[in-house]
Amino acid sequence: MVLNAIRNATFKNPFALWGLGLGFAGPLLVLVVPPIRDATGFVSPTDPPTGYPLPKRERRPTSGYED
């Protein structure tokens, strides 16, 4: 009787089934994906630079842009 109600609910409201499926898949993927990445030899990309390299010279003040 309970299984029949679940079956009818999946046909009438398929978004509930998809919501539960995706909801359970998230934590499961957290446990499954890192070992697979390690086994395949995946290397994380390097972080992009966070700053711009400044030239190694004296900084001259700008001129000609005063308002």
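1. Buried residues are those under 20% relative accessible area, exposed ones are over 50%, and partly exposed ones lie in between (1.4 Å probe, protein chains only). By this criterion, buried residues make up 0% of the 67 residues in the chain.

2. This is a predicted model, in which local features need pLDDT of at least 70 and side-chain atom pairs count only at pLDDT 80 or more, while totals for chains, interfaces and linings use all residues. Residues are numbered from 1 along each chain as its sequence is written, and side-chain values use heavy atoms, with hydrogens and water left out.

3. The secondary structure consists of two helices and zero strands; helices (H or I, at least four residues) and strands (E, at least two) are DSSP runs, numbered from the N terminus. Helix H1 covers residues 2-12, and helix H2 covers residues 14-40.

4. The radius of gyration of the chain is 28 Å, whereas a compact globule of 67 residues would have one near 11 Å. The radius is taken over C-alpha atoms, and the globule rule is 2.2 Å times the number of residues to the power 0.38. Along its principal axes, the C-alpha trace spans about 85 × 45 × 10 Å.

5. Two C-alpha separations may be noted. Ala9 and Leu29, 20 residues apart in sequence, lie 26 Å apart in space; Thr40 and Asn13, 27 residues apart along the chain, are separated by 39 Å.

6. Ala9 belongs to helix H1 and is partly exposed, because its relative accessible area is 35%. Thr40, in helix H2, counts as exposed because its relative accessibility is 61%.

7. The accessible surface of the chain (Shrake-Rupley method, 1.4 Å probe; for residues, only the protein chains shown count as cover) comes to about 7100 Å², of which 66% belongs to carbon and sulfur atoms.

8. Leu28 in helix H2 counts as exposed because its relative accessibility is 51%.

9. The chain has 7 positive and 5 negative side chains, and the centres of the two sets lie 16 Å apart. Lys and Arg count as positive and Asp and Glu as negative, with His and the chain ends not counted; the place of a charge is NZ of Lys, CZ of Arg, CG of Asp or CD of Glu.
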